[in-house]
Amino acid sequence: MAAPSISINSAAQVLRPPQDGLPYMRANRAAELRTDAGALSLTGGLIDGFEAAAGAQLQIDAEGCAVIPGFVDCHTHLPFAGWRADEYNLKVTGASYEQIAQAGGGIKSSAIALDQASDDEVIEQAQGLADEMLRHGTTTFETKSGYGMSVEGEMRALALAARLDQSVAQQTASTALLAHALPADYDVDGWMAEVALMAAQVAHERSASALDIYVESVAFDNEQLRKMGELAKQHGFDLRAHVEQFNTNRSVPVALEMGARSVDHLACLDPDDLPALAESECAAVLLPGAEFLGKEEVAPGRELADAGAITVIATDANPGTSPIVSMPLIIGLAVRRYGWTALEALLSATLNPAWLLRCSDVTGSLETGKRADVVILDGPIENIAYRFGHNPVAAVICGGELVHVREDWKEHVSGEL
Ligand SMILES: [Zn+2]
């Protein structure tokens with residue numbers, strides 16, 4: 001069924017880049033984003049132009065509203081099984097991440113939960129979360145393996161991610177987080193030998209577009225990061241890395257040397273490593289939900305933006321450190337914690353993560369010819385952060401389909417399909 005023609009009329013703000021065709025924007029240019037009043041017409045699943053279309057099948061009254069591109073959540077750990085609310089109890093009363101991990105909690109408990117859940121159960125939970133993400137404006141998201149903790153488990157996780165892609169409205173991108181925590185039966189070198197074999201298989205099956213590694217005291221180190229970078233180069237994957245979350249390991253220079261597409265977390269980034277990251281073509285992915293719930297250090301978001309980094313924010317949706325799927329909440333946290341403007345946060349939640357996932361040629365900004373991934377907010381863009389905890393998403397169009405209209409907002413939509 002072809003997507004309907006849609007006209008979004010009389011919006012108070014339409015968020016657009018300063019020019020078409022930008023693959024990303026460095027954060028020190030965020031003020032150049034435009035927020036003029038206007039309209040938007042959508043046809044055949046694509047953005048058709050920036051004028052109202054009287055003949056469109058659906059007419060949407062967006063008076064007083066902002067129209068923005070759908071959010072791109074480029075760092076999630078979907079699909080996973082179950083939750084870890086009991087650990088959160090321990091954490092808020094004083095246990096550290098390392099203590100929880102050493103007590104058999106953390107990633108390993110999610111690995112057991114995944115192992116014990118049926119495929120259908122995993123997909124059902126992930127689909128529910130994808131729906132929740134959609135209602136919060138996310139039209140593209142990333143999936144990761146990493147809770148497999150065995151060769152079979154990791155391959156199953158990637159297969160489940162592919163199945164999830166087929167069963168949700170959003171577009172997804174798959175990352176193979178093959179070095180997340182060390183499985184019990186292996187030493188580091190033994191597991192990295194398995195990782196090398198898996199990387200070759202994943203490349204052959206094309207079941208992921210990026211390799212990822214968790215560099216931390218309880219996980220892997222810079223030597224394995226370098227090895228992962230070599231595997232990425234060898235097989236044509238993007239390299240991503242979880243770095244500098246709880247400790248300063250000086251992983252960023254290694255990641256940059258290996259040509260990483262992104263470095264994620266950065267709460268403990270060494271200030272000496274910031275200028276090179278900011279100048280590089282490597283996204284600085286900040287995860288303020290994990291920082292907040294984990295009482296982590298605050299990543300140097302303001303400094304990265306001022307230095308012109310390709311800044312990105314994401315939910316890090318996972319059952320341990322960040323059980324959050326709402327990008328509006330993440331924007332609210334980023335604005336407050338990093339001292340960012342609404343435009344800096346929005347750029348970091350749309351075009352830049354789309355570039356990171358290699359889809360900014362088709363989504364991530366409102367431009368003629370791009371996919372119609374459009375979110376209508378119930379107020380100005382500044383309200384996303386200001387009305388913290390309120391879901392400002394009134395309607396969501398994903399791939400040209402009107403996939404969500406909030407109950408109290410239905411009278412704004414008229415016309416027939
Ligand atoms: Zn993560």
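Tutor: H4 passes H5 in a right-handed crossing, the term for a near helix turned clockwise from the far one by less than a right angle. This is a predicted model, in which local features need pLDDT of at least 70, side-chain atom pairs count only at pLDDT 80 or more, and totals for chains, interfaces and linings use all residues. Residues are numbered from 1 along each chain as its sequence is written. Helices (H or I, at least four residues) and strands (E, at least two) are DSSP runs, numbered from the N terminus.

Helix H4 spans residues 119-135 and helix H5 residues 151-166. They pack at an angle of about 50 degrees, with their axes 10 Å apart. That makes H4 oblique to H5; under 35 degrees counts as roughly parallel, over 145 as roughly antiparallel, 65 to 115 as roughly perpendicular, and the rest as oblique. Axes are lines fitted to C-alpha atoms, for helices over the stretch in contact, and angles run from 0 to 180 degrees between N-to-C directions.

On the H4 side, Asp119, Val122, Ile123 and Ala126 meet Leu160, Arg163 and Leu164 of H5. Contact here requires C-beta atoms, placed from the backbone, within 7 Å. By class, the contact of H4 with H5 has five nonpolar, no polar and two charged residues. Ala, Val, Leu, Ile, Met, Phe, Trp, Tyr, Cys and Pro count as nonpolar, Asp, Glu, Lys and Arg as charged, and the others, Gly among them, as polar.

Now the sheet. Eight strands form an open sheet, ordered E7-E8-E9-E10-E11-E12-E13-E14, with parallel pairing. Strands pair if DSSP finds at least two bridges between them. Strand E7 (71-73) and strand E14 (310-313) stand at the edges with a single partner strand each, so one side of each has no neighbour in the sheet. Neighbouring strands of this sheet are turned by 25 degrees against each other on average, direction ignored.

Within the sheet, strand E10 (residues 210-214) pairs with strand E11 (residues 238-243) in the parallel sense, over five bridges. Alanine 210 stands opposite aspartate 238 in E11. Helix H7 (residues 222-235) lies across strand E9 (171-179), E10 and E11, and runs at about 175 degrees to E10. Helix H13 (residues 342-349) also packs on the sheet, touching E7 and E14. The direction of H13 makes about 80 degrees with that of E14.

Terms used: Two residues are in contact if their C-beta atoms, placed from the backbone, lie within 7 Å.
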